[in-house]
Amino acid sequence: GQRDTTPTSVKQFTEVLCKLVIGLSVAWWLVTRGYGPPVIAAGAIAGVPVGLLFTLVFLAAYKKKRDAMAWGAPGMVRYDRPDRRKKTFYDILRISIPITLASALMSLLTLADMAVVLDRLQAGAGMSEDMADTLYGVYSKGVTLMVLPSALIVPVSVGIIPAITAALALNRHRRARQITGTALRLTSVLAMPAAAGLSALSYPVFRVLYWNSNENGPVCLSILGIASYFVCMQLVTTAILHASGREKMPALTVLAGGGAQIVVDYLLVSRPEIHIVGSPVGSVVCYLIITAINLLAIYRKAEDRPDCRGLFIKPALCSAVMAVAARAVYALLSRPFAAIDGGGRLSMAISLTGAIVIAAAVYGLLAVATKTVTREDIVVLPRGRMIADMLKIK
């Protein structure tokens with residue numbers, strides 16, 4: 001909220017490091033003691049609460065030190081009077097309850113959808129319980145890859161919330177409109193090529209990561225790649241609504257999108273010729289509806305509605321060219337490298353890496369050449385000027 005992302009970065013790195021070191025150490029110790037898989041898995045998860053506790057202490061200490069330095073600086077004067085504690089507590093509840101409700105609804109709808117998919121695979125498509133579990137596991141692996149591009153959008157959503165809120169508090173609606181439009185364009189610029197890449201390279205991506213997995217995995221990932229774009233748009237549009245004081249709206253959109261996903265899965269998964277492939281279609285429908293309603297709310301209800309006529313067209317064209325290049329480069333590289341291990345995992349990984357590098361370069365050149373991304377879009381982010389200078393965007 002104070003535009004300082006350094007402690008957050010340290011926190012994220014430390015948390016993951018604790019998960020890795022402590023979790024794997026405990027799991028290894030349990031293996032040597034002869035415990036079974038459930039206990040070993042529980043031991044591996046032990047790194048999660050330890051990492052969270054450690055980082056919580058770090059953040060609290062950092063903030064205390066930062067506050068002491070800020071308020072103790074020479075000439076520092078408090079220009080505003082804080083609200084009474086009772087009002088502050090009420091404001092926190094008023095804002096946090098709808099946000100928490102939206103998160104809870106998404107979790108509950110995910111559980112309900114899982115039950116529907118497993119039931120339809122067995123009762124509708126006539127599969128055994130083991131096969132249904134296997135296919136749902138394949139879909140879950142695809143979902144894990146689907147949400148990876150959203151990691152690129154978290155800095156955008158974190159950065160824009162205090163920026164939009166500050167602009168609105170100062171009645172600078174034009175500035176808020178500019179930040180909103182920039183956030184939406186930047187999300188498209190980052191998320192659309194990632195989504196196109198996942199779809200275009202779904203087969204090698206899934207095979208390299210999950211070599212012995214079910215053959216339906218790449219098909220699911222090709223559809224989930226499309227959904228990943230709407231996952232990213234859902235994140236940033238939700239952040240914009242929260243920053244604009246409309247924190248109740250996302251709870252309604254989650255309910256609409258999650259309900260639609262359950263209906264689509266119920267209708268498609270039960271068909272034997274479709275089965276688990278229908279679930280990724282439901283994911284696309286879910287996040288598409290959430291994104292569409294959020295965008296509609298931003299454009300129709302807000303005074304700070306952005307002018308984003310080029311929001312989709314330029315990134316879509318650049319991403320389409322990039323996807324074609326990625327497929328072509330992978331096909332070109334896979335032939336000579338197949339001699340390494342007969343088209344096995346290693347040669348596939350090498351070809352995939354080369355295709356990703358070339359595709360990223362192609363998209364970057366196209367994005368700058370067509371002015372899909374501008375310097376104004378970059379500088380709104382934390383350390384944005386440094387990033388723009390490094391990329392030589394004028």
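First, the ground rules. Residues are numbered from 1 along each chain as its sequence is written, and side-chain values use heavy atoms, with hydrogens and water left out. Because the model is predicted, local features need pLDDT of at least 70 and side-chain atom pairs count only at pLDDT 80 or more, while totals for chains, interfaces and linings use all residues.

Let's start inside. The largest nonpolar core has 78 residues. By nonpolar core I mean buried Ala, Val, Leu, Ile, Met, Phe, Trp, Tyr and Cys residues joined through side-chain atoms within 4.5 Å. Buried is under 20% relative accessible area, exposed is over 50%, and partly exposed is in between, with a 1.4 Å probe and protein chains only. Which members touch the most others? They are I160, I164, I276 and Y287. Helix α9, residues 216-243, gives the most to this core, with 15 residues. Helices here are DSSP runs of H or I, at least four residues, numbered from the N terminus.

Take Y287. Leaving aside residues up to four places away in sequence, Y287 touches M106, M146, A227, F230, V231 and Q234. Contact means heavy atoms within 4.5 Å.

H275 is not a glycine, yet has a positive phi of about 40°. Where is H275? In the loop between α10 (249-268) and α11 (278-301). H275 is buried, at 13% relative accessible area.

On to the rings. The whole structure holds four aromatic pairs. Rings of Phe, Tyr and Trp (its six-membered ring) pair if their centres lie within 6.5 Å; planes under 30 degrees apart are stacked, over 60 edge-to-face, and the rest tilted. One of the pairs is F206 with Y210: tilted, 5.0 Å centre to centre, with 55° between the planes. F206 is buried, at 0% relative accessibility. Y229 and F230 also pair, and because their planes sit at 70°, with centres 5.3 Å apart, this pair is edge-to-face. Y229 is buried at 7%, and F230 is buried at 16%.

Next, the surface. F13, L17, L20, V21 and L24 form a nonpolar patch with about 500 Å² of accessible area together. Areas come from the Shrake-Rupley method with a 1.4 Å probe; for residues, only the protein chains shown count as cover. Patch residues have over 30% relative accessible area and no salt bridge; like charges are joined within 9 Å, nonpolar side chains (Val, Leu, Ile, Met, Phe, Trp, Tyr) within 5 Å. L17 lies in helix α1, residues 6-32, and is partly exposed at 41%.

Last, the charges. How many salt bridges does a search of the whole structure find? Seven. The cut-off is a side-chain nitrogen of Lys or Arg within 4 Å of a carboxyl oxygen of Asp or Glu. E15 bridges to K11, with the closest N and O atoms 3.0 Å apart. These two are four residues apart in helix α1, so about one helical turn separates them.

D91 and K87 form another bridge, at 2.9 Å between the closest N and O atoms. They too are four residues apart, in helix α4 (residues 85-124), so again about one turn lies between them. D91 is buried at 17%, whereas K87 is partly exposed at 43%. K87 and D91 also belong to a salt-bridge network with R94 and E247.
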